[in-house]
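Please consult the sequence and model shown here.

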Amino acid sequence: MELKYHAAYFKEPDGWFVVKLLDFPGVFSQGKTLKSARWMIRDALKSMAEAMAEDGESLPRPNSKAKSGKAAKADFREIIRLSTRFQTAGIK
């Protein structure tokens, strides 16, 4: 099963990138470079999904219309794919 979540990246004044998944509450990260932030958010998503699955929780349903107050001003946006290979309780 593959789920597609939506990420928004924001470049901070100090040069770091902060990234938030708009349709998966609680998943965010940062990186010194855009490349690093992209890697870190994928790792954060994978870790959160695995933890939720282990606890028997459902993963949030991806929502292409998910928004954040700052999302319109994102410096970069992309879809993050999550391929699951574990048994989940389902999708909300």
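## Strand pairing at Ser29

Ser29 of β3 is the bridge partner of Val19. The model is predicted, with local features requiring pLDDT of at least 70, side-chain atom pairs counting only at pLDDT 80 or more, and totals for chains, interfaces and linings using all residues. Residues are numbered from 1 along each chain as its sequence is written, and side-chain values use heavy atoms, with hydrogens and water left out.

β2 (residues 17-21) pairs with β3 in the antiparallel sense over 4 bridges. Strands are DSSP runs of E with at least two residues, helices are runs of H or I with at least four, and both are numbered from the N terminus; two strands pair if DSSP finds at least two bridges between them.

Ser29 counts as buried because its relative accessibility is 15% (buried means under 20% relative accessible area, exposed over 50%, partly exposed in between, with a 1.4 Å probe and protein chains only). Beyond neighbours within four places in sequence, Ser29 is in contact (heavy atoms within 4.5 Å) with Phe17, Val18, Val19, Met40 and Ile41.

## Sheet and helix

The open sheet has 4 strands in the order β3-β2-β1-β4, with antiparallel pairing. Its edge strands, β3 (28-31) and β4 (76-83), each pair on one side only.

Helix α1 (residues 34-54) packs on this sheet and touches β1 (2-11), β2, β3 and β4. The direction of α1 makes about 35° with that of β4 (axes are lines fitted to C-alpha atoms, for helices over the stretch in contact, and angles run from 0 to 180 degrees between N-to-C directions).
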